[in-house]
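Here are my notes on this one, point by point. Have the model open while you read.

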Amino acid sequence: MAIIGKLNNLAVQYGESIVLKKVNADIPKGARIGVVGPNGAGKTSLLQAIAEGWAGVEWKGAAPGIVYMQQEVRGNPGRTTDAEARKLEKEWGVPENREKPSGGEGIKIRLAQALAGRAELLLLDEPTNHLDAESVEVVIDQLAAYKGTLIFISHDRYFIDKIADRIWEIEEGDLAAYKGNYSAALSEKAHNRLTQQRKYEKQQSKIARVESQMAELQSWSAKAHADSTKQEFAKEFYRSKAKRMDVQIRSKQKRLKAELEQERIERPKEEKSVVFEIASGAKKGKRVIELKNAGVQFGGRTLFKNSSFTIQHGERVGLVGKNGSGKSTLFGVLLGEQAFSGEVWTTTGMKIGYLSQNVFDLPEEKTPSVLFAPSGFEQAGRIRTLMDNLGFGKEHWNQPVLHMSMGERVKLKLMEFMLAECNVLFLDEPTNHLDLPSREQLEKTLETFEGTLLIATHDRYFMERLANRLLLFSQECLVKYEGSYNEWLDKKAEHQESRKSEILALETERQTILGKLSFIQPGDKNYAELDSRFNQLTKEIQAIQAN
């Protein structure tokens, strides 16, 4: 495969913080490169360096036309007049005149603009954040048809496996390149790690054996030197013996040093882990939230109406709906920030932790030392332990939020819940921006959370693992479903099959009637009856399709 460019000793440093340490990699023409790594590892900095042509980014010939879709933008994305972008927006269900697009709709608008740019090199930073499952599939189809070279950052395991044919993993300033998708890269990495561990153990065993031999020789040499001073008649014999042993020791030391200089095998690095510990406050009553005939209109649209449901303490409720259906708006209603009709009741004992989709709501000039200013030595220790458990280093304590990655900002917001001991958590797309180990650890932590959870997420793994109830946003109504996400998907699939069978039967009868109508004239006595039945069947088919 032809190479369009490469990273040649690309280094990135902010102040004293080294992000990338002279990394090297080829950029093959037409490649689909997925960039993965922990939050704050430098993935976004890498894309920015490529987009802006920093020193260390080299092209074969003229630089390619580049379109760079950033991870997040402030405010609403501007609409474009580009016909191709408008066409994509329409296919993805983005309303024409939406004053304030939802998070998912905003991503769709920016993705449509990026794809319509027809770039030779497309750089996408977290393109599936906020997107529902159907939209992710559409993006996968669009990128499969894209003819240029693609480099993208994602923490969506499913998406990376579907798109990537190469993986760049960034960790501790280094870049490791793998061929294949994410699953293949994980397998190769595990194999390499096991091979390195075995070589390391073999080398350590040899070092221990040689050092044992040298220790034994040193012991014999020391004894020979001592004997040469005690036994006058055999002084030269023992002195000669000691010198021979000293020569053997130096020879072994020299050979071992040369071997280690030629190939010193390091112990495989320990996989970094992230630890979340979210303690829930005391239980305050059984009923937590109740809606009676509630409704919301937003931007001239009815999101839901005449909706009634109750959420009990300890329930884990997943909010399911397409982009723009009203999931974030419901959080606004429950927080008292959004107008509504009907009745909305929340318990007075509710201590809410709310994680919004917005990653720009932290004061960017402040540092964790200011945001979480400890009131005493004990609290300071707890805060430092939390930051360490979340993967922050000592350098982050006095680092402004402005210089932190989006994933690191999410972790700072999660720290508030851990310190406040909330008993109700509203999580709006909590896995957006989090690296894969952090997602998995957050899942484990929330499984042990004893309070009440309301979760809006398009991460199917996360939803299935945590939600034991669902709130379905469909046809301008909110309906509570007493079951898991997979159970609902199975019932939905059964319903769709039933609808297909019903539509097929009605369509077969309609085609039969159409055939009969083609052989008779409008004045025929049977024509009116057949025509009436044809129209009735058409309405029935349309009604089923609408539902």
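1. Helices here are DSSP runs of H or I with at least four residues, strands are E runs with at least two, and both are numbered from the N terminus.

2. Before going further, the ground rules. This is a predicted model, where local features need pLDDT of at least 70 and side-chain atom pairs count only at pLDDT 80 or more, while totals for chains, interfaces and linings use all residues. Residues are numbered from 1 along each chain as its sequence is written, and side-chain values use heavy atoms, with hydrogens and water left out.

3. Back to H8 itself, residues 327-334. This helix is largely enclosed by the rest of the structure, because 7 of its 8 residues are buried (under 20% relative accessible area; exposed is over 50% and partly exposed lies in between, with a 1.4 Å probe and protein chains only). The buried residues are Lys327, Thr329, Leu330, Phe331, Gly332, Val333 and Leu334. Note that a lysine, Lys327, is on that list.

4. What does E8 pair with? Strand E3 (residues 32-36) runs parallel to E8, joined by 4 bridges, and Ile33 sits opposite Arg166 of E8. Strand E9 (residues 174-179) pairs with E8 in the antiparallel sense over 6 bridges, with Trp168 partnered by Ala177 in E9. Pairing here takes at least two DSSP bridges between the strands.

5. Check the turn, too. The E8 and E9 hairpin has 2 residues between the strands, and Glu172 there takes a positive phi near 50 degrees.

6. Thr457 deserves a look. Its place is in the loop between strand E16 (452-456) and helix H13 (460-466), and Thr457 counts as buried because its relative accessibility is 5%. The Thr457 side chain reaches the backbone nitrogen of Asp459 at 3.0 Å. Leaving aside residues up to four places away in sequence, Thr457 touches Leu319, Glu429, Pro430, Thr431, Phe462 and Met463 (contact means heavy atoms within 4.5 Å).

7. Last, the cysteines. How many disulfides does a search of the whole structure find? The search finds 0, a disulfide being a pair of cysteine sulfur atoms within 2.5 Å. Cys422 counts as buried because its relative accessibility is 4%, whereas Cys477, at 24%, counts as partly exposed.

Technical notes: Polar contact = N/O pair within 3.5 Å; in protein donor to acceptor, adjacent residues only side chain to side chain.
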